[in-house]
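User: Could you walk me through reading this structure? I would like to learn the general idea of each feature and then see the case here.

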Amino acid sequence: MGIFLKLKWFFKENWRMYAVGIFFLFMTDLSHVIPPYMIGLFTNRVVDRTLTWQYLAIFLIILAALYLASYFFRYGWSTHIVKGAALLEKTLRQRLYDHYMEMDAAFYQKYRTGDLMSHASNDLSAIQRVASGGILMAFDSAVIMILAIGSMIIAVDWRLTLIAVIPLPFLALGVSWIMPRLRKAFTAYQEGFSRMSDHAQESFLGMKVIKTLGQSQEDIEAFNEQTDQQIKTNAKV
């Protein structure tokens, strides 16, 4: 939740766009909960041998209308939430670029170019994913959970609902166990990307020296070794 608090200035400026996107997302989740209930009613008709052609036609029309509405709602939240995430990334990139332009030579001597490149590429892309997929998963999972459990209690059976939610606490424990390890692995990936960027820059800047000393093959092998390590780090993530 810390990242959302740090980005509250952006959400405050664009609250209307996100409010519309979250509304469409809620309607999408709601449209996904109704069809299973309808299918249950349809199945009861089949089992009771009371199914008629009129009921079947009405059932298919309503089901088709729900799926069309779901498509419309999905288009609505994607165009608003994804648009907001793209706008956030654009804003942050512009701010970061302006900040780099204002820094003096001492700043660039203190911080490696690879670190700065990592912040300008991978870090901002990760923030963009938080502002789109992060909001989607946080809201979607909560709403679907509430709607699904509520509909099961009302339309099915509360005892069966309790049995169905037994795995959820274990799922929460699993997430709490894996998240710190995921952050640690992602940090290692970012650091590896920084080292690769530094190596590439040093190779370009020192190309004449490398060729003069006959170190081209050694430099290539060193870079390949970093690349292989980065592939393993990314696979761990």
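Analyst: Happy to. Let's start with threonine 28, which lies in helix α3; helices here are DSSP runs (H or I, at least four residues), numbered from the N terminus. This is a predicted model, where local features need pLDDT of at least 70, side-chain atom pairs count only at pLDDT 80 or more, and totals for chains, interfaces and linings use all residues. Residues are numbered from 1 along each chain as its sequence is written, and side-chain values use heavy atoms, with hydrogens and water left out.

User: Is threonine 28 buried or exposed?

Analyst: Buried means under 20% relative accessible area, exposed over 50%, and partly exposed in between (1.4 Å probe, protein chains only). Threonine 28 has 2% relative accessibility, so it counts as buried.

User: Which residues does threonine 28 touch?

Analyst: Contact means heavy atoms within 4.5 Å. Not counting residues up to four places away in sequence, threonine 28 touches Ser70, Phe73, Arg74 and Trp77.

User: How do I read a nonpolar core?

Analyst: In soluble globular proteins, nonpolar side chains tend to be buried together. A nonpolar core is a set of buried Ala, Val, Leu, Ile, Met, Phe, Trp, Tyr and Cys residues joined through side-chain atoms within 4.5 Å. Here the largest one has 21 residues, and Phe11, Tyr18, Leu88 and Ile127 touch the most other members. Helices α2 (8–13), α3 (15–48), α4 (53–102) and α6 each supply at least two residues of this core, and α4 gives the most, with eight residues. A second, separate core of five residues includes Met38, Phe42, Phe59 and Leu66.

User: And how do I read helix packing?

Analyst: Two packed helices are described by the angle between their axes and the distance between the axes. Axes are lines fitted to C-alpha atoms, for helices over the stretch in contact, and angles run from 0 to 180 degrees between N-to-C directions. Helix α6 (residues 113–155) and helix α8 (residues 167–205) pack at about 160 degrees, with axes 8 Å apart. That makes α6 roughly antiparallel to α8, a label for angles over 145 degrees.

User: How do α3 and α6 cross?

Analyst: Their axes come within 9 Å and cross at roughly 35 degrees. Among the contacting residues, Tyr18, Ile22 and Leu25 are in α3, and Ala131, Ile135 and Leu136 are in α6. By class, the contact of α3 with α6 has 15 nonpolar, one polar and two charged residues; Ala, Val, Leu, Ile, Met, Phe, Trp, Tyr, Cys and Pro count as nonpolar, Asp, Glu, Lys and Arg as charged, and the others, Gly among them, as polar.

How values were computed:
Angles under 35 degrees count as roughly parallel, over 145 as roughly antiparallel, 65 to 115 as roughly perpendicular and the rest as oblique.
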